[in-house]
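Please open the model and keep it in view as you read.

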Amino acid sequence: MTGTRRTQVCIIGGGPSGLLLSHLLDRSGIDSIVLERHSRAYVLGRIRAGVLEAGSVALLKEAGLGARLETESFLHRGTYLSAQNRGFRIDFQKLTGKSITVYGQTEVTQDLYAARDDAGGVIIEEAEGATLHDLQTEAPYVTYLKGGTEYRIDCDFVAGCDGFHGVSRRSIPARVLKEHERVYPFGWLGILSQTPPASDELIYANHARGFALCSMRNENLSRYYIQTPLDHPPERWSDDAFWDELRRRIPADVAEALVTGPSIEKSMAPLRSYVAEPMRWGRLFLVGDAAHIVPPTGAKGLNLAISDVYYLHRALAERYDGDAHGIETYAETALARVWKATRFSWWFTTTMHRFPDQTDFDQHIQEAELAYLEHSKAAQTAMAEQYVGLPY
Ligand code: RFL
Ligand code: PHB
């Protein structure tokens, strides 16, 4: 064994959760090392979330990460929902006093890498085989391989920020770990295209042929999704077939004006709701997708990762000031918010998608739910309050 070093918090995973945690800890004078399995280029190449809650934006700005976010993001005061090719609007600003911000996860991650570089933060890329040891003791450590050599990091705490397929959650013994899961019988096929967005705000469309979403990154970069069966590989869908199917599902006037072009990225994402408990085991804390997954319909995944990081960084800062209450209650505090967002994402997913065994009755129920949303201020307020993000 060569190369042992020490840090206060060893962070597994250099996605948004891990980088943001490292950044916030640094601002509280707490030292950390981030271990990332992939290269930075790979992490930045993943096209994922597009929507930030008002609370996420406020946190990023307060943490000094607001420069590009301020100038390159887009404030959306509402969103459109559509049922059977007819759209209506939910006015977040009017109903809740808050808006959401369109700013890609890629941009957030890029800002975080830049901030860590400026502060001299340690991010070890292409770290393979991370293994977590002695998590139930006061002296946990992590080993990993880089370039064929094994290294060891001694630390006070380990933060598992390594996403759904990471090693951290699997380090909790099966007899302790409780998993709650719903897997949906469909996926989202997404494309990115250098075309002006179909609409000034997002459009979530329910249709008897399946769900569709019109989203965007900027004035000339659009992101679209259609619900497809899980066994449809992206290659099966030509660009033309994708555009034709999208047009069939969205409001008729939007479909007519839709500007199409070649896709510059095409990928398929399965949909699941998943929550693991506990989020703390000894000196290990699970954060973000490592602990929970929501279907993307509510745009909650990245935002939940950010709220977990907020709770954990505050708890660790208090702990280094001599108060352990925050780390003892981290799991409970984070999970309370996670379950509310899990419920919202499940509700929005089941309301908007076509299920393979869906009956005529089920379709009517969905349409009635959307008609109620269209005309009830109470229903719209409940939806808007959750979409813009519950407080933390
Ligand atoms: P990530 O981003 O998966 O990062 C985890 C990192 O850990 C690394 N890793 C390891 N490193 C070292 N050792 C190991 N053994 C490791 N195993 C894994 C990985 O390489 C990776 O870099 O988790 P994190 O940081 O918790 O962030 C979560 C978000 O990425 C995720 O919740 C969102 O992308 C979800 N999501 C959305 N969230 C939103 O808030 N708004 C949205 O609009 C939204 N849209 C989406 C989404 C996710 C999507 N997909 C593809 C799942 C749209 C889609 C299509
Ligand atoms: C996206 O732009 O990628 C996006 C937006 C809203 C969602 C999911 C994904 O609910």
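This is a predicted model: local features need pLDDT of at least 70, side-chain atom pairs count only at pLDDT 80 or more; totals for chains, interfaces and linings use all residues.

1. Turn to ligand 2. Its shell has 14 residues, and those that come nearest are Y204, S215, R217, Y225 and P296. By type, the shell divides into eight nonpolar, three polar and three charged residues.

2. Look at the polar contacts of ligand 2. An oxygen atom of the ligand is 2.6 Å from a side-chain N or O atom of Y225. Backbone atoms take part too. A polar backbone atom of T297 is 3.3 Å from a ligand oxygen, and one of R48 is 3.4 Å from a ligand oxygen. On its own, ligand 2 has 280 Å² of accessible area, and the protein covers 97% of that.

3. Which elements give two or more residues to the shell around ligand 2? They are β16 (212–218) and β17 (221–228). The largest share, three residues, comes from β16.

4. Next, see R223 in strand β17. Is R223 buried or exposed? Its relative accessibility is 2%, so R223 counts as buried, the cut-off being under 20%.

5. Follow the side chain of R223. A polar contact of 2.9 Å joins it to the side chain of Y225. Y225 is also one of the residues that come nearest to ligand 2. Beyond its neighbours within four places in sequence, R223 is in contact with several residues, including I47, L192, S215, R217 and E265.

Technical notes
Residues are numbered from 1 along each chain as its sequence is written. Chains are lettered from A and ligands numbered from 1 in the order in which they are written. Side-chain values use heavy atoms; hydrogens and water are left out. A residue is near a molecule or strand if one of its heavy atoms lies within 4 Å of it. A polar contact is a pair of N or O atoms within 3.5 Å; within protein, one must be able to donate a hydrogen and the other to accept it, and residues adjacent in sequence count only if both atoms are side-chain atoms. Accessible areas come from the Shrake-Rupley method with a 1.4 Å probe; for residues, only the protein chains shown count as cover. Helices (H or I, at least four residues) and strands (E, at least two) are DSSP runs, numbered from the N terminus. Ala, Val, Leu, Ile, Met, Phe, Trp, Tyr, Cys and Pro count as nonpolar, Asp, Glu, Lys and Arg as charged, and the others, Gly among them, as polar. Buried means under 20% relative accessible area, exposed over 50%, partly exposed in between (1.4 Å probe, protein chains only). Contact means heavy atoms within 4.5 Å.
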